[in-house]
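Subject: Structure for your files

Hello,

Please read the notes with the model open.

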Amino acid sequence: MIIDTHTHLDNEKYYDDLEEVIKRAKEKGVEKFIIPAAHPKDITRAVKISEEYDDVYFAVGVHPIDIVHFDHNYLTDYIDHPKCVAVGEIGLDYHYTKDTKDYQIELFQEQLDIAIEYNKPVIIHIREATHDSFEILDRYIKKYPNLKGVLHCYNADEELLKLKDNFYYGIGGVLTFKNAKKLINVFPKIPKNRVIIETDSPYLTPHPHRGERNEPMYTTLVRDKIAELWNVTPKEVEDITTKNAKELFNIWKKYFFYF
């Protein structure tokens, strides 16, 4: 069993064949899916999908490149939904939007505060902002030792490994890229009980399908690369990463919700 802990099934690229996408993934052994929020306009679709499929969950948050659309009520309106398992994806992104750095930091902290208030794990996006992200998370952990979450699409910066007592590391298609030498070199330093699998689909499609739309079924390619690096069987990778994901997001059993 595999859990895709980060898949944007609400994305417009799945509008025409979502049911087939989920079916293909399940045929490959992917049994649970988590849709992270990015833009508030997409949350109603994410919620709707989670209500239609028993094994789909969602997170609520505002991506750092979309913070102009932030609304505190948007988070609190959905965070108590029975299929909401986290706050995210939230964080800092200085690649395209460094000019909004101060506002990003302010709203990153506000969303962390909401996660703590509601006792939810966080899904963290970090791009070209490792040090600031680390400083904020380290400070929060010292104040709130129970804070936990995942560093989505872990960027292989070793400074972030200092967070391993509270955070998991999301590993996706990048691990299979031919130019992923930094991540491959750092990967063995991540404790096995802190690794979870993700796709970030429809983005970051694993080799050998780069250039195509990514899908949750391609978690098997990530699993196989991890098995190679750990020198274990694919089944062992599934067992370890699934246990990790269930512990983080508290999805130990199959729930049936009626709305």
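Helices (H or I, at least four residues) and strands (E, at least two) are DSSP runs, numbered from the N terminus. The model is predicted, so to speak of local features a pLDDT of at least 70 is needed and side-chain atom pairs count only at pLDDT 80 or more, while totals for chains, interfaces and linings use all residues. Residues are numbered from 1 along each chain as its sequence is written, and side-chain values use heavy atoms, with hydrogens and water left out.

Helix α4

Helix α4 covers residues 101–117. The expected span of a helix is 1.5 Å times one less than its number of residues. For the 17 residues of α4 that gives 24 Å, and the end C-alpha atoms are 24 Å apart, which agrees. After α4 comes Asn 119, with a positive phi near 55 degrees.

Buried here means under 20% relative accessible area, exposed over 50%, and partly exposed in between (1.4 Å probe, protein chains only). The buried residues of α4 are Gln 104, Ile 105, Leu 107, Phe 108, Gln 111, Leu 112, Ile 114 and Ala 115. Their cover includes α3 (72–78), β4 (84–93), β5 (122–127) and α5 (130–143); contact means heavy atoms within 4.5 Å.

Helix α5 and its packing on α4

α5 has 14 residues, and its first and last C-alpha atoms are 20 Å apart, close to the expected 20 Å. Buried in α5 are Thr 130, Asp 132, Ser 133, Phe 134, Ile 136, Leu 137, Tyr 140 and Ile 141. These pack against β4, α4, β5, β6 (149–151) and β7 (167–171).

How do α4 and α5 pack? The angle is about 30 degrees and the axes are 11 Å apart. Axes are lines fitted to C-alpha atoms, for helices over the stretch in contact, and angles run from 0 to 180 degrees between N-to-C directions. Angles under 35 degrees count as roughly parallel, over 145 as roughly antiparallel, 65 to 115 as roughly perpendicular and the rest as oblique. α4 and α5 are therefore roughly parallel to each other.

From α4, Lys 101, Ile 105, Phe 108, Gln 109, Leu 112, Asp 113 and Ile 116 meet Asp 132, Ile 136, Leu 137, Arg 139 and Tyr 140 of α5.

Trp 230

Trp 230 lies in helix α7 (residues 219–230) and is buried, at 10% relative accessible area. Leaving aside residues up to four places away in sequence, Trp 230 touches Phe 187, Lys 192, Val 195, Val 237 and Ile 240. Phe 187 is 43 residues from Trp 230 in sequence, and their C-alpha atoms are 9.3 Å apart.

Regards
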